[in-house]
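Subject: Structure for you to look at

Hello,

Here is the structure I promised to pass on. Please open it beside this message; my notes follow below.

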There are 2 protein chains.
Amino acid sequence: MSTSSRFAVAVHVLTLMAWADEEPLKSEQVAESVNTNAVVIRRMLCELAESNLVVSQTGSMGGSKLARLPERITLLDIYQAVESRGVFSLHRHPPNPDCPVGVNIGTVLNDVLDEVDSAVERVLANMTLRDVVSRLQPCVSTTNGKRASVMTNGKRKQVPRVQSVSARN
Amino acid sequence: MSTSSRFAVAVHVLTLMAWADEEPLKSEQVAESVNTNAVVIRRMLCELAESNLVVSQTGSMGGSKLARLPERITLLDIYQAVESRGVFSLHRHPPNPDCPVGVNIGTVLNDVLDEVDSAVERVLANMTLRDVVSRLQPCVSTTNGKRASVMTNGKRKQVPRVQSVSARN
DNA sequence: CCAACTGTAACTATATTTGTTACAGACGTT
DNA sequence: AACGTCTGTAACAAATATAGTTACAGTTGG
């Protein structure tokens with residue numbers, strides 16, 4: 001149903017910034033981790049900035065970092081920042097108002113879909129960026145007890161853009 | 001996020017059949033209420049039939065009706081019949097595996113998205129087609145205490161296909 | 001002043017859903 | 001058995017939405 005990976009990418013981006021602590025990240029660096037174009041990232045960063053989740057600085061030595069601590073950013077904040085519409089859509093064209101069902105199904109469906117949306121939001125409200133970073137930690141190999149840097153600086157091979165193997169895609 | 005109205009349409013279609021009781025409906029009648037093409041409806045009916053929610057009969061005097069009573073069809077059944085994928089998608093292209101965040105964010109996100117999906121399913125499992133019909137009733141004007149028929153038989157004007165006014169679209 | 005950034009517009013590419021036309025096959029009716 | 005009315009389905013066109021690209025103005029540190 002969702003054809004959008006905006007939420008996933010937004011969480012990824014902000015997780016990078018939480019990981020980087022206070023150091024501002026350049027859109028180019030972020031794009032390399034997400035494996036997409038830097039403009040796509042900058043567009044998303046603008047939305048996240050509008051919702052006061054990140055602050056960006058223009059100019060040389062610029063970049064973006066979290067606007068507040070990771071424990072104060074919930075996944076609901078992120079969701080609301082980048083996914084405007086609810087989980088489901090109603091009919092593309094309005095049903096026939098001359099049909100007793102068609103004329104009223106929208107009202108009933110809206111109630112149901114609102115319940116669904118609320119349930120989603122409740123789940124997302126219960127997890128913070130900090131939680132995401134914590135869940136990430138055990139997977140990451142560290143050589144010296146300190147975090148590995150977000151990205152190495154050297155040139156890296158482009159990751160091939162094959163279809164993800166995840167069952168979700 | 002969801003660009004698909006499949007769930008909404010499926011609920012609409014099945015509600016029509018619940019409303020029509022045992023009388024089989026033709027795809028053309030259903031399409032008129034939904035305000036779309038009959039082939040779109042037939043395609044969906046095939047999916048609903050595969051999930052054993054409706055039974056269809058070919059040939060003259062054919063049509064489709066519910067495979068079981070409305071109180072034994074949950075919205076979750078409908079959702080699973082017509083919406084294959086979860087609520088959110090992961091990255092369109094896999095993240096950079098050379099980045100400590102990129103390599104593991106998918107795993108963490110999958111856990112979160114599974115939680116979201118479960119929450120959605122719990123909500124949908126708690127409502128049946130019968131409930132939808134009940135919620136519909138108070139809105140429908142009946143002239144004699146009996147239900148109005150699903151659609152009048154006469155020619156009707158085509159409903160203009162303007163954008164729905166619902167905030168959800 | 002220059003180089004390195006962000007912000008943003010305009011456009012293309014890709015993916016997905018929806019709508020349409022066409023037709024084979026099923027099945028009552030006559 | 002022929003006919004008209006249905007479903008099932010293929011093949012394709014249109015509409016919509018997301019993602020990716022190029023280009024460039026404006027900001028800022030050095």
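First, a definition: a residue is buried if 20 or more other C-beta atoms lie within 10 Å of its own, exposed if 12 or fewer, and partly exposed in between, with C-beta atoms placed from the backbone. A:D21 is exposed, with 11 other C-beta atoms within 10 Å.

Some ground rules. This is a predicted model, in which local features need pLDDT of at least 70, side-chain atom pairs count only at pLDDT 80 or more, and totals for chains, interfaces and linings use all residues. Residues are numbered from 1 along each chain as its sequence is written, while chains are lettered from A and ligands numbered from 1 in the order in which they are written.

Chain A overall

Chain A has 6 helices and 2 strands. Both kinds of element are DSSP runs numbered from the N terminus: helices are H or I with at least four residues, strands are E with at least two. Read from the N terminus, the order is α-α-α-β-β-α-α-α. Of the 169 residues in chain A, 43% are buried.

Contacts come next. Two residues are in contact if their C-beta atoms, placed from the backbone, lie within 7 Å. Take the contacts in chain A between residues at least 6 apart in sequence: 67% of them join residues at least 24 apart.

Confidence is given as pLDDT, the predictor's score for each residue, from 0 to 100. Chain A averages 85, and 79% of its residues score at least 70. Over residues 152-167 of chain A the pLDDT is below 50; this stretch has 15 contacts in the model beyond near neighbours in sequence.

Helix α1 in both chains

A:L14 lies in helix α1 (residues 6-19) of chain A. A:L14 counts as buried because 27 other C-beta atoms lie within 10 Å. Leaving out residues up to four places away in sequence, A:L14 touches A:L53, A:L66, A:I73, A:I78 and A:L129. A:L109 is 95 residues from A:L14 in sequence and 34 Å from it in space, C-alpha to C-alpha.

In chain B, helix α1 (residues 6-19) has 14 residues, and 14 of the 14 are buried. The expected span is 1.5 Å times one less than the number of residues. For α1 of chain B that gives 20 Å, and the end C-alpha atoms are 20 Å apart, so the two agree.

Positive phi

Most residues other than glycine have a negative phi. A:D21 has a positive phi of about 65° although it is not a glycine. A:D21 is found in the loop between α1 and α2 of chain A. In chain B, α1 is followed by B:D21, whose phi is positive, near 65°. B:N52 is another non-glycine with a positive phi, about 60°. B:N52 lies in the loop between α3 and β1 of chain B. B:N52 is exposed, with 12 other C-beta atoms within 10 Å.

The chain B hairpin

Two strands pair if DSSP finds at least two bridges between them. Strand β1 (residues 54-57) of chain B pairs with β2(B) in the antiparallel sense over 4 bridges. B:V55 stands opposite B:K65, and B:S56 has B:S64 as its bridge partner. The hairpin has 5 residues between the strands, and B:G59 takes a positive phi near 80°.

The DNA surfaces

For the classes, Ala, Val, Leu, Ile, Met, Phe, Trp, Tyr, Cys and Pro count as nonpolar, Asp, Glu, Lys and Arg as charged, and the others, Gly among them, as polar.

DNA strand C: 31 residues surround it, and the closest are A:S56, B:S5, B:T36, B:N37 and B:G59. Two or more residues each come from α2 (27-34), α3 and β2 (63-66) of chain A and from α3 of chain B. The largest share, 6 residues, is from α3(A). By class, this surface has 7 nonpolar, 18 polar and 6 charged residues.

DNA strand D: 32 residues surround it, and the closest are A:N37, A:G59, A:S60, B:S56 and B:S60. Here α3 (38-50) of chain A and α2 (27-34), α3 (38-50) and β2 (63-66) of chain B each supply at least two residues. The largest share, 6 residues, is from α3(B). The classes are 8 nonpolar, 18 polar and 6 charged.

Best wishes

Terms used. Near = placed C-beta within 6 Å.
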